[in-house]
Every structure is written in structure tokens, then in C-alpha cells.
Amino acid sequence: MSAVTKFRPLFDRVLVQRLVAETRTAGGVILPEAAQSKVNEGTIVAVGPGAAASNGSIVTPVVNVGEKVVLPEYGGTPLKLGGEEYTLYREAEIVGVLDA
Amino acid sequence: MSAVTKFRPLFDRVLVQRLVAETRTAGGVILPEAAQSKVNEGTIVAVGPGAAASNGSIVTPVVNVGEKVVLPEYGGTPLKLGGEEYTLYREAEIVGVLDA
Amino acid sequence: MSAVTKFRPLFDRVLVQRLVAETRTAGGVILPEAAQSKVNEGTIVAVGPGAAASNGSIVTPVVNVGEKVVLPEYGGTPLKLGGEEYTLYREAEIVGVLDA
Amino acid sequence: MSAVTKFRPLFDRVLVQRLVAETRTAGGVILPEAAQSKVNEGTIVAVGPGAAASNGSIVTPVVNVGEKVVLPEYGGTPLKLGGEEYTLYREAEIVGVLDA
Amino acid sequence: MSAVTKFRPLFDRVLVQRLVAETRTAGGVILPEAAQSKVNEGTIVAVGPGAAASNGSIVTPVVNVGEKVVLPEYGGTPLKLGGEEYTLYREAEIVGVLDA
Amino acid sequence: MSAVTKFRPLFDRVLVQRLVAETRTAGGVILPEAAQSKVNEGTIVAVGPGAAASNGSIVTPVVNVGEKVVLPEYGGTPLKLGGEEYTLYREAEIVGVLDA
Amino acid sequence: MSAVTKFRPLFDRVLVQRLVAETRTAGGVILPEAAQSKVNEGTIVAVGPGAAASNGSIVTPVVNVGEKVVLPEYGGTPLKLGGEEYTLYREAEIVGVLDA
């Protein structure tokens, strides 16, 4: 089992692998950092069981592993697992899903 | 499927395409930026499933795709999908609906 | 349908047309701005369906279209519809009703 | 109907006519302003229907028109009706009732 | 009926008559103000009917008239009734009861 | 009945007698104040009946008189009863129990 | 019974023993402090019974003694028991579980 598959987020946390911005033009020219637009997309890698509402009932998450999602401009906590970079979000921070 | 139709907002988020202010007078004269009144109207392009109330039950949205709406003076998060500019709001921010 | 009748406020919002302060004395003399007392009264033009309470149930509004109301000293959001000036309030901001 | 009887407070608001401090001694001597103790008492003139609790149910007011009440040191919103001065409170601000 | 017995606190308010600190030693010597330790005790003189919980149900008070109570170091609102000094507390501020 | 046994804490308050730090080494040498480590332990002397949850139901306390507990680094209100020093905590502040 | 096994956390608290960062390279060379990466992992040593939701019902914890967990970058309260260093967290602070 790889490091990331061993990781189970808790409550309403969602683990996302961010899409990395293109560092080269189609023709292979290396883009300067400033020109590399920040990509607010990623793929869901793991989903927690959901957090408790104020009356104690668990709110089931609506996102699923493997879905492509649009991420907020800010927020998220970086997390390194097995040498790979991931980002942890609260489910409520995820903006929307990009259906295939 | 176009980029925007592939996008599903989450929770109580609503995707809106803002009405663009007229940049020319009826006679075709180009209006200076300052004279272009900001238009707080738009059309709903996508609606999330609703957010959980404090007891965990989902509050069904009341707005619908295609409706013309009045937008708040401030707020909203810009979102580019398929090269087009959209704005994301929480449903509660939408001021009202302009019936046809 | 006039612009204002096409407008449906959302949630607990209420659209009000403010009573305009007298700018002339009974005898027709124009009052200086400072002497024009600010009138905190208006007529309800449109009422939203109500907002959700914390358990998701909708709280039905208690005010009605056509009622004369006393408005708070501050608050309210100006809204222009069909060239006319209106003000949007949350129902909870409306101080009271002036029965006929 | 007098202006004040036409006024219906909304939600948990209560309309009070404050007791005015004595400006003369028993013997008729005019008290300087500083010596006029501020009276935190008044009579309830109108009572709203009550506000919604977090679950949407209406909390029925406990005070009644005509009751003499003790008012808080601060707070309250002045309201002029038919040329008379009144003060609007939230019911929760009213400190207590002075039974006859 | 004395002024204080005519006073009915509202909601979760409790009227207390504070125990006054000894101003003389047992032998009758007058204590300087600084040496007069502040006494955080008092007797409950009147109890409100209780305040509404978030779901609108009334939370019945647990303290009773006549009980000796320990008061918080700070807080409380002075209230003069019939020339006597009392202090108003929210029930939740009362620290504990000193059983006889 | 001693002063402390006459004291009944209210709501979710808990009365604790803090363990006093050793002021001497095992060999009897007096420790300088700085060297006296602050002890965050104590014994529960009295427990309130519990506070109301947001729906008005009482949350029964989980700690018991006589239990040894670990106290938070900060917080607590000093209370003198019958010449003895005690500390009042909200139950939620108590970190944990040290079973015998 | 060792000091730590006698300790029962209260409410939603969780006692964790943090994984200590390697201070030597594989070859045994002592790493300078700056090079010792901070390890945000630990093992759960004790779990409280859970805290009350807003309606008074207890929210049962989802983590278990012995589980390896990922800890937040910040937060946690140091606690010394029987000479050993532990850290107390609220369960909601624990980021996720690392399954064996």
C-alpha cells in the first residue's frame, strides 16, 4: 500500500492532488514563473467520513475519489505523503466538480 | 460538453454569467469607462445541490438555471471556464429574480 | 409588467419605496436640505418567500405588500428598477407597521 | 386612531413611553439638568408578535401593554409618532416589570 | 407592597441584595476602605421566569428566592428600588449556592 | 457543615482543590520559587448539576467528587471558602482524570 | 498502572505521543537542528468519551488507541505524565489516520 492509500482523512477533510501548471509552451519553450498561470484544479485522492452537524448527526460528503474539482483561490493545507505533495481541504471549500 | 456545462457547483454555490455593461451609446459612441454604469444583473448558469442546515438536512436552492437575477453590489468569486468569465455566488447573496 | 413588478426578492428580503421628505413648506417655500427631516417611512412593494431557520424550515414573512412601515435609521441597500429608486431590507430590519 | 395606536412593532420589539424625570422639587423649584436623575422606567405602549427561535418557532412575548417596566441604563431606539417621543426596545432588553 | 416586592425580573435575570462588607473590626474600630474586603456574597430577592433556549423552550431557573449565593468578581447591574441598592445578574453568572 | 460542603456550584461549574507544589526537596532543602514547578493537578471537591444545551436539556457532568484531575495551564477562578483556597472551573476546562 | 494509563482524557480530547524526528542520518551523522524536519505524526495513546453536540447528545470519537495519525502543523497542548512528553489534541484537530 502506497503512503497516500494508507492515509484516511478525518471528518470533512478531503485530500486533493493539484493539477500542476504547464511550465512549457506547446512548442517546448520554458515559461517564466510569472507566466505560469496558477491552476485551481485537482483530483480527489481521499475523502473523510464527514463531520458532525450541530445535532451530532454525520453529514455525508458529496464528493468522490477520482473526481476532478475546481479549488478555491486560497486555503488548503499542504501535506507530504510518500514524498508526493498533496493538499488537504475541508469539503465545504471545494468549489465544484468538473464532470468528465 | 462545453467547459461550463461540465462544471457542477457544490453546496449552495450558484454560477452566474454577469450582464456586460453597454460600452457604446445607442448611436455607437464608445462610452468612457467611468460612464459605463456597473450592471448588477446576470443569468444563472448552474446551481449547486444546496448546503446542509445546522441539523444536517439539505436546504434545497430556490433559484433555477436560466433565471435573470439581481446581484449584490459586492461579493462573488470570478471563475474562468473554457475561456469565458463567470462569477460564483452563494445562493444567499443573490438579491432577487427578474421574471421574464 | 413594470420593472418593479418583475422583481422577486429572495429569502427574507423586502423591497420598500421610501416616503420622500417634504421639500417645501405648506406655503410652498423650498426647505433647505438641512431642514428637510429624513422620513423613516415607506411602503412595501415586494416581499421574499422567507429565509431558512437553522433547521432548514422556512420562516414565513409577517409583512405584506402595500403596508406602510417604519424603517430603521440606518441600513437598507439602494436598488434602481425601471429608473425608480427603491431600498432593499432584511425583514428583521423593518421596525413596525403603520396600520391605515 | 392616534399615530401610536396605528403603530404595530414587529418581531420582538416593544414600544415604551419613558417616565419623564421631575424637573422641579416638590416645592416647585426648577432642578438644574445635572440634578435631574435619569428615570429608567416607562410604560409599555405596544408589543410585537415575537421573534422566531433558531428552529423557526415564534417565541411569544411575556410583557403586556400598560405594564410599568424597568428599562436598561443604555440601549433603545428613539421613535417619534404623532409628535410624541417613544423608545423602541427588544423585549430581551427590558429588565423587569413593576407590578401595580 | 414594597418597591422590591413589586419588581418582577424578566427572563433569566436574578435580583440579589449583596452582603455588605464589615466596616468595623470586632472591637468596633472603623476599617479603612482599602482594608474592607469586597464580599462576593448576597441573598436572592427575586428570580425571573427563565429565558428561551435556541429552540424556544423556556429554561427554568435553578436558584430560589432567599438562597445565599456566591457572586462573580465582576458583572451585575446596580438597580435602586425603593431607595435600597440591589444588583441584577443573569442566572448563569451566579457562581454557586451556600446552603444553610 | 464546613464552608466548602455548604457550597453548591451552579450549572457546569466544578470546584477543585489544587495540589500544592513541593517547596522542599526530598532532603528538606527549601526550593526557590522559580524552581517550584507549577502543579496542574487537583482534587474535585464539588460538581454542579450541569448546564443547559442549546435545546434546553441539561448536560449531565461526567466528573465526580474525589477524582484526581489534570487542570489546564490557564483559566479557573480563585474562590476562598472557610479560609481555604479553591479554584472554580467550567467542567469543559478540566483536561482529564487520573484514575487511582 | 503507568502514569499515562491512569490518565483518562475528558470530552473530545485525544492524547498523542508524537513521533520524534530522526536526529542522525542513516550513516549515524548527527543532523543539525535546522535539518531535522519536524514530524507531524504520532500514535494515539488515549481517547476521551466524546463531547456533547449542541442538543446535548454525545458525539462518539472516531479515532482509536494505537492508531498512527497525521497531526496538524500547529495546535496541541503539551502534557507530561510519568516523566514522558505527550500532546493533547481535540479530536477535530487530528488530520487523518495512517493505516498499517
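Author: Gladly! Let's start with pairing: two strands pair if DSSP finds at least two bridges between them. Please keep in mind that this is a predicted model.

Reader: What makes strand β2 (residues 13–18) of chain C and strand β6 (residues 84–90) of chain C a pair?

Author: The two strands are joined over four bridges, in the antiparallel sense. At least two are needed, so β2(C) and β6(C) pair. Within β6(C), C:Thr87 stands opposite C:Val16.

Reader: How do you know that β2(C) and strand β3 (residues 41–47) of chain C pair?

Author: The count there is five bridges, again antiparallel, and the rule asks for at least two. C:Val16 has C:Ile44 as its bridge partner in β3(C).

Reader: What makes β7(C) and strand β1 (residues 7–9) of chain D a pair?

Author: β7(C) and β1(D) share three bridges in the antiparallel sense. With at least two required, they qualify as a pair, here between chain C and chain D. One bridge partner in β1(D) is D:Phe7, which goes with C:Leu98.

Reader: Why is the meeting of C:Glu67 and D:Arg8 called a salt bridge?

Author: Their side chains come to 3.4 Å, N to O. The cut-off for a salt bridge is 4 Å, so this pair passes. Between chain C and chain D the count is two salt bridges. Strand β7 (residues 96–98) of chain C gives three residues to the side of chain C that touches chain D, the largest share. By class, that side has eleven nonpolar, four polar and four charged residues.

Reader: How many residues are in contact between chain C and chain D, and what is the area buried between them?

Author: On chain C 19 residues are in contact with 16 residues of chain D. The buried area is about 1300 Å², with 59% of it from carbon and sulfur atoms. C:Val95, C:Val97 and C:Asp99 supply 35% of the area that chain C buries against chain D, more than any other three residues.

Reader: How do you know that chain C and chain D use different surfaces?

Author: A rotation of 51° with 0.0 Å of shift along its axis superposes chain C on chain D, at an RMSD of 0.0 Å. Of the contact residues of chain C, 11% recur in chain D, and the copies use different surfaces.

Reader: Why is it said that chain G and chain A meet through different surfaces?

Author: Only 11% of the interface residues of chain G are also interface residues in chain A, so these copies meet through different surfaces.

Methods. Residues are numbered from 1 along each chain as its sequence is written. Chains are lettered from A and ligands numbered from 1 in the order in which they are written. This is a predicted model: local features need pLDDT of at least 70, side-chain atom pairs count only at pLDDT 80 or more; totals for chains, interfaces and linings use all residues. Side-chain values use heavy atoms; hydrogens and water are left out. Contact means heavy atoms within 4.5 Å. Buried area is the accessible area (1.4 Å probe) that two parts lose on being put together, summed over both. Ala, Val, Leu, Ile, Met, Phe, Trp, Tyr, Cys and Pro count as nonpolar, Asp, Glu, Lys and Arg as charged, and the others, Gly among them, as polar. Copies are superposed by least squares on the C-alpha atoms of residues with pLDDT of at least 70 in both.
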